Amino acid sequence: MTGTQVVGAAEWRQRASIDVPLRHPHRQDLLHDQWQRGLGHLAHIRQLRLPADRTRGVHRTRVERRLVGEVAVSRQFSDPIEGISGSGSTDGRADLVAVHVIRSGSLRIEDTGRRADLGPGTLCIRDLHTYWQFAYTAPTDCRVLVLPRSGLLDHLYGTRLPALTVAPATAPESRLFLAHLDAAWSLAGRLGPEATHAAGEAMAVLLTGLIRTRAPVAVPPPSLRTAAVAYADSRLRDPDLTPAAIARALNVSVRTLHRAFADGESVMAHVRRRRLEGARRELGLPGGPFTVADIAARWQFADPSHFRRAYRGAYGQSPRRPGERST
C-alpha cells in the first residue's frame, strides 16, 4: 500500500492507495491497517471488511480526499467491500451525514426498516444517527461527502432530516449541487479560509434544498419561533427544558433556534418570564398548602432567594400568598 498526503495550512488534501491480496491469511487486519495508515480514523465507519466470497486476486481502493470548509469530499474507487456506518444513537458519537454520488458500480445500503440498491447516476444522503449496513457489490466509482449534521439542520429549519434521501443525479437540485461540488473540488487548494468556509456552507445549503423537495415540512421556517414558544410553554415545569431540548424536539440546531429569537428576548428569557407568570398566578390563588418556596420550586426556581429577586425585578414587589405581608 502507498499512501501520500499533501498537507497545506489546513491539511486539505489526502491520497491513499490500498491493495490487499485476497488470499492473505490476515486480509481483514491488513485492510484495517492500510485504511488507518492511508486515511486515519473515520468516525462514521463502525466496521469495514472484505466480502467472504471474494478470495482471488487483489482488492483495490483508491481515495483522494479534500477538505472544503467542514465538508470532507472524496473521489473513491473501490472493489467490493462492506461494513457498518453510523452510530445507532443520538449521543453525538457520529454526528455526521454522508452523501454518495454513484458514477459507476453499485452501492447497497440498509437499516432495520429499508434497503436501497443504488446504481450509476444516483445520489443519496444518509443520516448517520442510524446504523447502516453498506456494501459496494461491484467495483464502484463514486464521490463521497461527510459533513456535520448540524450544518444541514442550520438550514433545514422545520423540515425533518430523513434517515435516507435518494435522488437522481439528473434532478435539477442534484445538478446544481454537483456543479458547485465540481467547482469547489477544483479550487479547493487555491481559496482563502473565508472562501473555503463559504464553499462548504454552500454545499450544506444546496443539499438541504434537495432534501426539502423530498421531505415533508414539519415546521415552516416563519413559524419556528412560534413552534419553539408553544413547545416551551407546554413544558415550563420540566427541569430539563433547555435550548438543546427544544432544538432537538423541533429537529433544528441550537444555533438555528437562537437565531429565531435574535430580534427579541432569548429563548431562555422567554422561559423564565413564563415561569414567573405561572408562579404569580399560583401565588394569587387563595388557600392551598403550598408556600412561596414550594411554588418557586414547582416552577423550577431551585433557589428561593433567586426567585424572590427575579419576581421583585419583574413585578416590583416580593412574592407572597394572599394574606401575607409583602417583604
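Visitor: How many helices and strands does the protein chain have?

Guide: The model is a predicted one. The secondary structure of the protein chain comes to 10 helices and 15 strands. Of its 327 residues, 45% count as buried. Among contacts between residues at least 6 apart in sequence, 71% join residues at least 24 apart.

Visitor: How should I read a sheet, and in what order do the five strands of the open sheet stand?

Guide: Strands of a sheet pair through backbone hydrogen bonds, either parallel or antiparallel. In this structure, an open sheet of five strands has the order β3-β6-β11-β8-β9, with antiparallel pairing. The edges are held by β3 (45–49) and β9 (115–118); each has a single partner strand, so one side of each is left without a neighbour in the sheet. On average, neighbouring strands of this sheet are turned by 15° against each other, direction ignored.

Visitor: How many bridges join β6 to β11?

Guide: Five bridges join β6 (residues 81–85) to β11 (residues 132–136), and the two strands run antiparallel.

Visitor: Which helix lies across β3 and β6?

Guide: That is helix α1 (residues 27–39), which runs at about 130° to β3.

Visitor: Where should I look for a hairpin involving β4 and β5, and what is particular about its turn?

Guide: The hairpin formed by β4 and β5 has two residues between the strands, and Gly69 in the turn has a positive phi of about 65°. Eight bridges join these antiparallel strands. One example of a bridge pair is Thr61 with Ser78 in β5. Strand β5 also pairs with β12, in the antiparallel sense, over seven bridges. In that pairing, Ser74 stands opposite Val144 in β12.

Visitor: Is β5 mostly covered or mostly uncovered?

Guide: Strand β5 is mostly covered, as six of its eight residues are buried.

Visitor: Is His270 buried or exposed?

Guide: A residue counts as buried when its relative accessible area is under 20%. His270 has 6% relative accessibility, so it counts as buried. The residue belongs to helix α8 (residues 267–283). Leaving aside residues up to four places away in sequence, His270 touches Val229, Asp233 and Glu265.

Visitor: Is Thr170 buried or exposed?

Guide: Thr170 has a relative accessible area of 63% and is exposed. Its place is the loop between β14 (164–168) and α3 (172–187). Thr170 and Thr122 are 48 residues apart in sequence, and their C-alpha atoms are 8.4 Å apart in space.

Visitor: How should I read the largest pocket, and which residues are the closest to its centre?

Guide: One may begin with its volume and then turn to its lining. The largest pocket holds about 650 Å³ of space. Of its 34 lining residues, Trp35, Leu42, Ala43, His44 and Ile45 are the closest to the centre. Several elements each supply at least two lining residues, among them α1, β3, β4 (58–68), β5 (71–78) and β6. By class, the lining has 18 nonpolar, 12 polar and four charged residues.

Visitor: What is the volume of the largest cavity, and which residues line it?

Guide: The largest cavity has a volume of about 80 Å³. The lining includes Gly69, Glu70 and Val71, together with His197 and Glu201. Both β12 and α4 (193–212) supply at least two lining residues each. Helix α4 gives the largest share, four residues. By class, the lining of the largest cavity has four nonpolar, four polar and two charged residues.

Key. Residues are numbered from 1 along each chain as its sequence is written. This is a predicted model: local features need pLDDT of at least 70, side-chain atom pairs count only at pLDDT 80 or more; totals for chains, interfaces and linings use all residues. Side-chain values use heavy atoms; hydrogens and water are left out. Two strands pair if DSSP finds at least two bridges between them. Axes are lines fitted to C-alpha atoms, for helices over the stretch in contact, and angles run from 0 to 180 degrees between N-to-C directions. Contact means heavy atoms within 4.5 Å. On a 1 Å grid over the protein atoms alone, a cavity is a set of points where a 1.4 Å probe fits but cannot get out, and a pocket is an open set with protein on both sides within 12 Å along at least five of seven lines; lining residues have an atom within 4 Å of a point. Grid points are joined across faces, edges and corners, and a volume is the space filled by probe spheres set on the points. Ala, Val, Leu, Ile, Met, Phe, Trp, Tyr, Cys and Pro count as nonpolar, Asp, Glu, Lys and Arg as charged, and the others, Gly among them, as polar. Buried means under 20% relative accessible area, exposed over 50%, partly exposed in between (1.4 Å probe, protein chains only).
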